[in-house]
Amino acid sequence: MSAPSRAELLEQLRKAVDGEPLARAAAVAAMERLERAPETIFEPLLEAAQEAGRRGHGRVVSVSRNVFIPLTNLCRDRCSYCTFAVEPDSPRAKTWLLREVRDTSRRAFANGCLEALFCLGDKPEVAYRGYRAWLHERGYARTTEYLADACRESLAEGLFPHSNAGILSQDELAALRPLNASMGLMLESTSARLRERGQAHFHAPDKEPAARLRMTREAGELRIPFTSGILVGIGENAEERVDTLLAIRDLHAAGGHIQEVIVQNFHPKPGTGMSQLPTPSDALMAGTTALARLILGPKMNLQAPPNLSPTALELLLRAGINDWGGVSPLTIDFINPEMPWPELDELRARTEAAGYELRDRLCVYPEYVASRPEFFDSEMHRLLRAVTDGGGWPVARKPGAADVRPPTVPH
């Protein structure tokens, strides 16, 4: 089948704004034009996406004030672009103690944060005997058991955990669900090709697309508000990029649980196998974000991390996003430490100058808190309701000790 003409493509974009799902052929054609001849599609693509975003979310753009807690940076995977994961003998190797989690969570709450973002390496106990012994000495068989207690510490200090702990079994997801307001796993790419020798995920068994699709699907079956996303610039082609977004759309259609989709750009890092690859251009990122809006629909929460595209915030707003993700006033982005967070005052000023209102949210989106109690353990929902208004947005006051306490969950 031949690719649609420019006129046919523009008509399909218009229909997508009106709610007709964007077909794969049209999405691939638009993505290929973005790469080869962006001048033929860029402006109408952004115009359509911005209108779709406004229809779904008005002029509100949200942000979550969080504290980033990298519980352990040991990981069994070796992605060709990652500097987060280290070997146990590295001077940067660190597993947080529970008292460090507690103290950091207390400081974060005092600074207006309501989210504890837990990111950690994937299954380090499988790869490292010493770390496995460290867990066993403390009474844990798996990292996820330790993560559960870390979540309890943050909850006790008034923060709501959002855990991104790599590939989890259905039992692990179920065990963490009562202790997390939301959870996540970046799909990154559905391309099995990227698992081949010489590609980004060759040394990363937990980046197997089937495993990530399985976990995301099971999160829906367990009714967990879930974050997914795509990573742009790691060697994928236009078709693979589109197929990843379509897979996320299908997963959400089945489970109703994808609370947000992140469009994230690759950043090359010295010392990695992909250090010589270019960062995706602002135009490619904005165009891909716009296509994500038109593929996923007006109502999906669409996020672009502001620290990864500091010169393109206004362009990303034109591409239809309605969320900046988590921005921390206390901690760096441990995944991309070379990319500092914007100051929240600056982010607000630039968002408002572009014609939007910036609103604080929790790690879980307001519509889930306000209208979908089945997505939470009853105690977690009570805690969320204690700090939110009727629409699910956090109230201006900070919760007191009587409002927030860890739920009773068996160890």
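Helix H9 passes helix H10 in a right-handed crossing, meaning that the near helix is turned clockwise from the far one by less than a right angle. The model is predicted, so local features need pLDDT of at least 70 and side-chain atom pairs count only at pLDDT 80 or more, while totals for chains, interfaces and linings use all residues. Residues are numbered from 1 along each chain as its sequence is written, and side-chain values use heavy atoms, with hydrogens and water left out.

**H9 and H10**

- H9 covers residues 209–221 and H10 residues 238–255; helices are DSSP runs of H or I with at least four residues, strands are runs of E with at least two, and both are numbered from the N terminus.
- The two pack at an angle of about 25 degrees with axes 9 Å apart, where axes are lines fitted to C-alpha atoms over the stretch in contact and angles run from 0 to 180 degrees between N-to-C directions.
- H9 is therefore roughly parallel to H10, a class for angles under 35 degrees.
- Leu 213, Thr 216, Arg 217 and Gly 220 of H9 meet Ala 247, Leu 251 and Gly 255 of H10; contact means heavy atoms within 4.5 Å.
- This contact has 3 nonpolar, 3 polar and 1 charged residues, with Ala, Val, Leu, Ile, Met, Phe, Trp, Tyr, Cys and Pro as nonpolar, Asp, Glu, Lys and Arg as charged, and the others, Gly among them, as polar.

**H1 and H2**

- H1 (residues 6–17) and H2 (residues 24–36) pack at about 115 degrees, with axes 10 Å apart.
- Their crossing is left-handed, the near helix being turned anticlockwise.
- Arg 6, Leu 9 and Gln 12 of H1 touch Ala 26, Ala 29, Ala 30 and Arg 33 of H2, giving 4 nonpolar, 1 polar and 2 charged residues.

- Beyond four places in sequence, Leu 71 touches residues including Trp 96, Phe 118 and Tyr 146.

**Ser 80**

- Ser 80 lies in the loop between strand E1 (60–70) and helix H4 (98–110).
- Ser 80 counts as buried because its relative accessibility is 18%; buried means under 20% relative accessible area, with a 1.4 Å probe and protein chains only.
- Neighbours within four places aside, Ser 80 contacts Gln 199, Ala 200, Thr 272, Gly 273 and Met 274.

Conventions. Parallel < 35°, antiparallel > 145°, perpendicular 65-115°, else oblique. Buried < 20%, exposed > 50% of the residue type's maximum accessible area, 1.4 Å probe, protein only.
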